[in-house]
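User: Please take me through this structure one feature at a time, giving me the general idea before each case.

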Amino acid sequence: MQSPVLHCSPVSVLQKSAFHRSQTLDYKNGYALPRRPRVGIGQDPLLANQLSQSELDQLASLYPTLTYGQPRPSAPSDFIPAHVAFDKKVLRFDGYFQQEVLGSPDEQYRVRPVVVFYYLEDDSMAVVEPAQENSGLPQGKLIKRQRLPKNDQGDHYLWTDLNRASDLCVYGTTYRLTHCDAFTQEFLESQGVELKEPEEIPADPYTERRAQPPRSYVTPSDFDRLRQFLTMDRKVLRFYAMWDHSDSLYGETRAVIVQYYLVDDSVEIREVHQPNSGRDPFPVLLRRQRVPKHTHAPANSFPTCVLEISDQEVREYLSPRDFKIGETITIMGHRFLLYNCDKFTRHYYQEQLGETHPAPLEVNKTQGEEAKMDIPPYNGFGSLEDSLQNCLSLIPEPPKKDLIKMLENDHKVLRYEARLDSQNPQDNGRRFVLSYYLANDMISIFEPPVRNSGIIGGKFLEKARIPKPGSTMDNPIYYSPADLFIGARVEVFGHRFILTDADRYVLNYLETISEHIPEETLSSLRQKLKDMPEHQSQPGESPVPAVQLTVQLSQHYRHTQNSYLGTITVICCYFLY
């Protein structure tokens with residue numbers, strides 16, 4: 001019998017040059033497939049029977065049988081309860097929930113961070129909010145340790161329901177789980193749970209608004225303010241400019257003076273007021289202050305209603321190099337055209353800055369034509385003078401009166417007798433007393449009462465200024481003593497009166513001012529008073545002259561006054577008793 005050749009013999013080993021194992025994996029059409037080795041180490045053919053893959057799998061699943069029978073079964077492992085296996089093992093998740101805020105204009109909701117603990121030993125959970133100092137909110141344990149219900153069917157939350165970037169709804173509140181600790185991540189991954197990407201807890205809007213901005217420190221400048229004060233005190237650059245704001249409503253061009261104070265680099269603008277310009281006596285257009293030239297853009301949270309700008313927001317202020325003759329400079333949003341400067345300003349620019357200002361510009365300082373005020377037509381209410389005061393001033397004042405005329409002609413009244421010129425036969429025989437008051441050029445008319453006439457006498461016209469017929473309402477011409485002569489027709493608000501007689505005092509007064517009275521007026525009065533003796537009337541006219549009518553008028557007033565006093569006396573006696 002031939003003995004088998006051992007592959008590990010020294011002779012065969014020395015004759016081999018390749019000792020690698022054969023490849024057992026292969027790719028076919030892009031798929032990895034197992035491949036049974038056909039040769040061994042050193043490319044020696046394998047003498048074992050070629051088995052199929054199914055046979056190899058079957059051999060792998062078989063257990064070897066001992067010589068002396070089947071093996072004894074191994075002892076079962078010890079049982080470990082859950083409260084022992086998962087004792088002190090807690091899953092921790094970080095999260096937050098949004099609490100709605102009602103009735104507050106500053107915030108709509110609050111973001112409150114929480115920590116969710118899951119106890120593996122009994123599947124209980126607890127929700128705790130970390131306490132913050134001076135928060136003013138009840139914080140701490142929000143939900144005590146218990147099994148939390150998942151739905152209405154009686155199910156409870158398990159650790160398989162928890163994951164990052166997921167919601168946890170408990171008792172009407174939705175908690176958003178954002179992150180977990182290392183132990184929780186390791187435990188879930190070991191159980192085959194695929195964790196989501198962690199999230200960041202959003203910032204609380206109210207907390208951000210209340211947060212204090214970081215302090216900023218500004219290094220003091222090396223500029224010597226004391227030296228500037230000592231050398232530049234009472235030195236002012238003066239520019240003459242025109243303020244152009246014609247693009248605004250009722251805008252115009254005004255002359256102003258721009259003053260630059262070298263002691264503190266401040267600017268002041270003063271208006272040049274002309275006499276009787278009608279403007280308020282406040283010449284300062286811009287108070288003395290430093291004017292910013294370039295500023296930083298304000299933040300979105302900066303209130304637009306605040307006009308004050310701090311030094312931190314200003315990048316550069318106006319300096320003397322920004323003021324040049326012939327150029328327009330913008331100060332506080334207004335444009336100023338510099339057209340001239342004084343002698344000191346020119347000398348300062350030439351000595352200190354090495355610049356020479358050009359010659360003064362010719363500007364038109366004349367104002368435009370003033371618009372004429374159109375007086376509206378008279379509406380008939382009140383007197384013309386009172387109505388005109390409403391058009392001349394915002395707060396109307398009483399019309400001015402001629403005080404000298406009122407003092408000289410006080411209690412001077414010219415009385416005339418007149419009859420009514422009417423087509424109505426009932427007006428025949430009606431007599432009137434026309435009184436002309438020299439103090440204010442007013443006329444009043446009184447009708448003496450006549451017994452059994454059927455006409456109630458008394459005051460026919462209150463004191464008023466009567467315009468002459470043919471005059472306009474805007475420029476009326478009133479009756480004067482020169483227009484009142486015997487036979488004259490006086491038209492009073494649609495009623496025409498004919499003067500038939502006058503007092504002797506009328507003629508005496510008009511003769512003292514004969515240079516202002518027409519001759520025909522004086523001659524008519526002289527003829528009437530000369531031809532007719534006193535207390536006598538012409539046939540066909542009123543049988544009572546003006547003097548007697550005046551006496552009747554006085555008696556009528558006295559009788560009325562006595563009746564009024566008697567009535568008051570009776571009433572007083574009635575209340576006393």
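User: Is F493 buried or exposed?

Analyst: The general idea is to compare accessible areas: a residue is buried under 20% relative accessible area, exposed over 50%, and partly exposed in between, using a 1.4 Å probe and protein chains only. F493 has a relative accessible area of 54%, so F493 counts as exposed. Please keep in mind that this is a predicted model, in which local features need pLDDT of at least 70 and side-chain atom pairs count only at pLDDT 80 or more, while totals for chains, interfaces and linings use all residues. Residues are numbered from 1 along each chain as its sequence is written, and side-chain values use heavy atoms, with hydrogens and water left out.

User: Where does F493 lie, and what is its phi?

Analyst: F493 belongs to the loop between β21 (489-492) and β22 (495-502), where helices (H or I, at least four residues) and strands (E, at least two) are DSSP runs, numbered from the N terminus. Its phi is positive, about 50°, although F493 is not a glycine. H411 is another residue other than glycine with a positive phi, near 65°, and it is found in the loop between α9 (403-408) and β17 (413-420). With a relative accessible area of 74%, H411 is exposed.

User: How many helices and strands does the chain have, and what percentage of its residues is buried?

Analyst: The chain has 12 helices and 22 strands, and buried residues make up 27% of its 577 residues.

User: Which residues of helix α10 are buried?

Analyst: In α10 (residues 504-512), the buried residues are V506, L507, Y509 and L510. As a general point, an α-helix has 3.6 residues a turn, so residues three or four places apart point the same way.

User: How many bridges join strand β10 to β11?

Analyst: Two strands pair if DSSP finds at least two bridges between them. Strand β10 (residues 253-261) and β11 run antiparallel and are joined by six bridges, with V258 having I269 in β11 as its bridge partner. The two strands form a hairpin with four residues between them, and D265 in that turn has a positive phi of about 60°. On β11 there is also an antiparallel pairing with strand β12 (residues 284-289), over three bridges, in which V267 stands opposite Q289. Strand β11 (residues 266-271) is mostly covered, since five of its six residues are buried.

User: Which residues stand opposite F336 in β16?

Analyst: F336 has W243 standing opposite, and I329 stands opposite F336 as well. Strand β16 (residues 334-341) pairs with β9 in the antiparallel sense over six bridges, while four bridges join β15 to β16, again running antiparallel. β15 and β16 form a hairpin with two residues between them, and M332 in the turn has a positive phi of about 55°.

User: How many aromatic pairs are there?

Analyst: Rings of Phe, Tyr and Trp (its six-membered ring) pair if their centres lie within 6.5 Å; planes under 30 degrees apart count as stacked, over 60 as edge-to-face and the rest as tilted. By this rule there are 14 aromatic pairs. One of them is F97 with Y175, an edge-to-face pair at 5.4 Å centre to centre and 70° between the planes. This pair links distant parts of the chain, as F97 is in strand β3 (residues 90-100) and Y175 in strand β8 (residues 173-180), 78 residues apart. F97 is buried at 10% relative accessible area, and Y175 is buried at 5%. Then F239 and F323 form a stacked pair, 5.4 Å centre to centre with 20° between the planes. Here, too, distant parts of the chain are linked: F239 is in strand β9 (residues 236-244) and F323 in the loop between β14 (314-317) and β15 (328-331), 84 residues apart.

User: Which charged residue sits over the ring of Y261?

Analyst: A charge sits over a ring if NZ of Lys or CZ of Arg is within 6 Å of the ring centre and within 35 degrees of the ring normal. For Y261 the residue is R288, whose charged end is 3.9 Å from the ring centre. R465 likewise lies over the face of Y478, at 4.0 Å from the ring centre.
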